[in-house]
Amino acid sequence: MYTLSYQGKSYASFYFALLCSGAFSLAGCATTEPVVKAAAPVVTPTDPYEGFNRSMYGFNVGLDKYVLKPVSDGYKTVTPGFMQTGVSNFFTNLKGINVVLNDMLQGKFEQGASDFGRFTTNSTIGLLGLFDVASEFGLQHNEEDFGQTLAVWGVDQGPYLVLPIMGPTTLRDGAAVVVDKAANPGTYVPGTGVLEGINDRARADGALNFIDEAALDPYVFTRESFLQYRTNLIKDGKTDADSLDLELEEGDVDVGEISDVKSKDSKVGDKLKKSSDGHVKNTVEPTISKPNATLQAFDSMSKSFDGAEREFEAVSLKMDEYSKKKRRWKRH
Amino acid sequence: MAEETAKQVVEAFQDQLIGVMKEGKALGFKGRYDRLDVAVKKSHDLPKIARIVVGKQWEELTPDQQTKLEAVFSELSVSAYAHNFKDFSGESFSFVSEEETGRGGVVVHTNLQIPGEKDVKFDYMMKKKDDSWQIINIIADGVSDLALKRSDYTSVLNREGFDALIAKIHEKIESYAKQ
């Protein structure tokens, strides 16, 4: 069974791929997921915009297959291994200031001191972060960002979202990126984002292949591993044995929860019908129509992204034809 | 004969896994599969895991479908192991601690050390089945394999039905065997 227990090398990159901090970090995997147009019968509470998210995921998969993966493969071919590591170290080091900041905001002063030492060591002896000498001194890299800080402060995760190009995130994490970017010196140097994106995509290669190999429904697999990965970061890797135990028993809890919510909704509806007071109706109706409007907006947006996805494929077919013609022409 | 503790079951399995990795190239996929088939089935409660991954829907399957699911799920699990643990570059497992859960389970915490890389935490959730401890779930760096699989499988069941689920599992088994 345990598909996650695969070789360590691709393992590290698997989790890397789930980070939303990099520009292209999780664009998707190489195969195109068959687009299922039928609405999913079960709504997951964490993913209310699944229809929109699936479209976006499909778009990202297309973008990855035809644009990002070829670019990243090219980068890997022309760049020697030690340089790839250097580039990777460099961008990780730039995030160091933000790590220290968030250590402090979460009250982890000891870890903050260690991360500060790590940043200064790698920025000086490590030649602006190209070499990760701090790890050899025993100063391990910690993963902290403002999304985790917000979680520690008690902000809810909010709905799961798949953004074009950026990949999976949640409302909380997505909003927090603004702070993370502001605390990253790379943000203020134009052009570095592109190299960082290519580097991120190259490092995620093993992980994306892994999802491709293991997932029956790559969209759901990506969502669940992303959300679990984030939760683990927020808890700093502490697992709670009893919650694991509960997980075994709750096989059908997810579905149960939804039906509970639904029945509550219908009770609210009943009450409204019973009340003859016109004012109540007036005040309630807008709140009901609001989510519909949001969903409609999401829906029309997803349609345009679906269109873009088809465009990708059309372009790729044309390219194939063109290169065939060219070959034929050369032969003559 | 004293029965094996949860820790001993995990360690015996990890030893076998490392053993297969060391001979991985010589064994080939088929060889690794045969060796791991015994080891995995002995230490994992695969029928129970197969039931959990389809959640509530298990009850709605016919007995034939349940048997079918158990069979293909076992094959997939062993194939995944045989595919993912194919060679050896100095990896080793080490025991960290053991912890009892409220409902009579045990979690065995271990670390996978990979030369030149950060350790990976492997936590094994164990349950007792007829006097012997069996692995029910593996949590790798906080990501629960069982929870991941359950979302994945129930999604396919809900959207596309049982036959599509079995077809997809067969596809995975074939692609694991190819490489």
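This is a predicted model: local features need pLDDT of at least 70, side-chain atom pairs count only at pLDDT 80 or more; totals for chains, interfaces and linings use all residues.
**Entry 1: chain B as a whole**

I counted the elements of chain B and found six helices and five strands. Then I read off their order from the N terminus: α-α-α-α-β-β-β-β-β-α-α.

Next I looked up size. The C-alpha atoms of chain B fill a box of roughly 45 × 40 × 35 Å along the principal axes. The radius of gyration of chain B is 17 Å; a compact globule of 179 residues would have one near 16 Å, so the two agree.

I checked burial too. Of the 179 residues in chain B, 55% count as buried. For contacts in chain B between residues at least 6 apart in sequence, I noted that 53% join residues at least 24 apart.

Then came the surface. Chain B exposes about 7900 Å², and carbon and sulfur atoms supply 49% of that. I listed its charges as well: 25 positive and 30 negative side chains. The centres of these two sets lie 2 Å apart.

**Entry 2: helix 4 of chain A**

I moved to chain A and picked helix 4, residues 96-105. Which of its residues are buried? I found Gly96(A), Asn98(A), Val99(A), Val100(A), Asn102(A) and Asp103(A).

I then asked what covers the buried residues of helix 4. The cover includes helix 3 (81-94), helix 5 (109-124), helix 7 (146-152) and helix 8 (171-182), which belong to chain A. Just after helix 4, I noted Gly107(A) with a positive phi of about 75°.

**Entry 3: Asp103(A)**

Asp103(A) sits in helix 4 of chain A. I looked for a partner for its charge. Asp103(A) is buried yet has no salt bridge. Its nearest side chain of opposite charge is Lys108(A), 5.2 Å away. A salt bridge needs a side-chain nitrogen within 4 Å of a carboxyl oxygen.

I listed what Asp103(A) touches, leaving out residues up to four places away in sequence. The list is Lys108(A), Gln111(A), Gly112(A), Asp115(A) and Glu144(A).

**Entry 4: Leu105(A)**

Leu105(A) also has its place in helix 4 of chain A. Is Leu105(A) buried or partly exposed? Its relative accessible area is 34%, so I call Leu105(A) partly exposed; the range for that term runs between 20% and 50%.

Leaving aside neighbours within four places in sequence, Leu105(A) is in contact with Phe146(A), Thr149(A) and Trp153(A). I followed up Phe146(A). Leu105(A) and Phe146(A) are 41 residues apart in sequence, and their C-alpha atoms are 8.7 Å apart in space.

Terms used: Residues are numbered from 1 along each chain as its sequence is written. Chains are lettered from A and ligands numbered from 1 in the order in which they are written. Side-chain values use heavy atoms; hydrogens and water are left out. Helices (H or I, at least four residues) and strands (E, at least two) are DSSP runs, numbered from the N terminus. The radius of gyration is taken over C-alpha atoms; the globule rule is 2.2 Å times the number of residues to the power 0.38. Buried means under 20% relative accessible area, exposed over 50%, partly exposed in between (1.4 Å probe, protein chains only). Contact means heavy atoms within 4.5 Å. Accessible areas come from the Shrake-Rupley method with a 1.4 Å probe; for residues, only the protein chains shown count as cover. Lys and Arg count as positive and Asp and Glu as negative; His and the chain ends are not counted. The place of a charge is taken as NZ of Lys, CZ of Arg, CG of Asp or CD of Glu.
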